[in-house]
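I opened a new notebook page for this structure. My plan is to go through it element by element and write down what I look up.

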Amino acid sequence: MNEREFRLHLEIETTVLEVWISQGWVVPEVTDQGRNFREADIARGQLILDLGNAMGVNEPGVDLVMDLVDQLHSLRATLRDLTDAVRRQPSDVQQLILSELTRVDVLRPR
Amino acid sequence: MSRDPYEVLGVKRDAPQKDIQSAYRKLAKKLHPDLNPGDKQAEDKFKEVSAAYGIVGDEEKRVRFDRGEIDSSGAEQAPRNYYRDYAAKEGQRGPYQNTGGFADFGDADDMFSSFFSRRSRGQSQMQGQDRQYSMEVDFLDAINGAKKQISLPDGPALDVQIPPGTRDGQTLRLKGKGDPGFNGGPAGDALISVHVRPHRFYTRDGDDIRLELPISLTEAVLGGKIRVPTPSGAVTVTLQPNSNTGKVLRLKGKGAPVRGKDNGDAYVSLKIVLPDTPDPELTRFVSEWEAGKTQDPRKTMGG
């Protein structure tokens, strides 16, 4: 959707959107016809509004949260790829990895 | 019937408006689905808390609720999508990737390090991700080069030029055929790892080709011109008389092509093959052949 539709959907002013974009909280696609927003950008916008309105988080706080949320999702995606890759291995390889993850170091008395 | 909004927010019925707001904010921070991406129940809990605050968070509505004019189901929230649903679909791609939390996983020379370190948010233009593919090609196509049409799982058909001399496991890079870039950034590349199918009688040894060539007893004893197949076409080779099994002929330049260098060679290992069915004439000759009876081909093996 275009910029106007995006602002109408979230009921936000141009100045608010400019802050979001300059902070990198929302990164629209830039095309010849102007900015293009995806459904994911709407959902991000709602999260930003929830943070500011419902939770009373201020601008530096929103910046911090969005940064950590993005780190969290990248980490989740990476972890999902890794577990998917492990799941595609033969069962003996999976067993080896599992036993490595649940390894208990044996302590010996001196 | 929904739960009592005061109970949901954990406040007394006569709590001041300010306390209701701070109770709600505290719960919202704890329960927001985007701040709990792995918690499936977070959405329902957050919905319930938001609905409760929708009534008693508004002074006017709170008065009407207390009077019994509206009930707690009056503030149903419109269904909405949370960012976590999209973030999960985007996976490793998209403009919001941020590996700041784990880009240090794996040492620099670790094969996993590039898997963990991807690019971060805030860049206005970004190149799309590279995509990994693999494909099988016939032995001769890999040696001689070929044009293959493949279709990417979620993309159009694509012409791939297999360069002559391609080795098993070699990676071909198709520029710009990976994921699209962001904000006009260039697309990533498609990286295709090539697996070469084994051939019926050729094997590859570096840039050289090896093959075992069956020859008849007559050809072995008398020698003469024979046709030898090579990946680039059959050639005529003159066989010396008395050419034994295991003798190796080198056909210069008949191996795999090498960019910027001379071609590899073909090594032809001879193998004498008797007639498929016993030949009475041959049997008679050999049974009367004295030198054949005294020959001991295993004398170097001891025992």
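This is a predicted model: local features need pLDDT of at least 70, side-chain atom pairs count only at pLDDT 80 or more; totals for chains, interfaces and linings use all residues.

Residues are numbered from 1 along each chain as its sequence is written, and chains are lettered from A and ligands numbered from 1 in the order in which they are written.

**Entry: chain A**

I checked burial in chain A. Of its 110 residues, 25% count as buried. I then looked up its elements, which are DSSP runs numbered from the N terminus: helices (H or I, at least four residues) and strands (E, at least two). Chain A has five helices and two strands. Their order from the N terminus is α-α-β-β-α-α-α. For contacts I used C-beta atoms, placed from the backbone, within 7 Å. In chain A, 45% of the contacts with a separation of 6 or more join residues 24 or more positions apart.

**Entry: where the chains meet**

I stayed with helix 5 of chain B. Tyr83(B), Arg84(B) and Ala87(B) are buried there. They cover an arc of only 95° around the axis, so they lie on the same side of helix 5 of chain B. That arc is taken from the directions from the helix axis to the C-beta atoms. The cover over the buried residues of this helix includes helix 3 (39-54) and helix 4 (59-87) of chain A.

**Entry: nonpolar cores**

I took a core as a set of buried Ala, Val, Leu, Ile, Met, Phe, Trp, Tyr and Cys residues joined through C-beta atoms within 7 Å. The largest has 17 residues, and Leu9(B), Tyr24(B) and Val56(B) are among those with the most contacts inside it. Helix 1 (5-9), helix 2 and helix 3 (42-56) of chain B each supply at least two residues of this core. A second, separate core of 16 residues includes Trp20(A), Leu47(A), Ile48(A) and Tyr83(B).

**Entry: a sheet in chain B**

I found an open sheet of three strands in chain B, with order 1-5-4 and mixed pairing. Strands pair if DSSP finds at least two bridges between them. Strand 1 (131-137) and strand 4 (171-174) of chain B are at the edges with a single partner strand each, so one side of each has no neighbour in the sheet. Strand 4 and strand 5 (residues 190-196) of chain B pair in the antiparallel sense over four bridges. Thr171(B) has Ser193(B) in strand 5 of chain B as its bridge partner.

Last, I looked up Ala190(B), in strand 5 of chain B. Is Ala190(B) buried or exposed? Ala190(B) counts as buried because it has 22 C-beta neighbours inside 10 Å. Ala190(B) and Arg131(B) are 59 residues apart along the chain, yet their C-alpha atoms are separated by 4.9 Å.

Notes. A residue is buried if 20 or more other C-beta atoms lie within 10 Å of its own, exposed if 12 or fewer, and partly exposed in between; C-beta atoms are placed from the backbone. Two residues are in contact if their C-beta atoms, placed from the backbone, lie within 7 Å.
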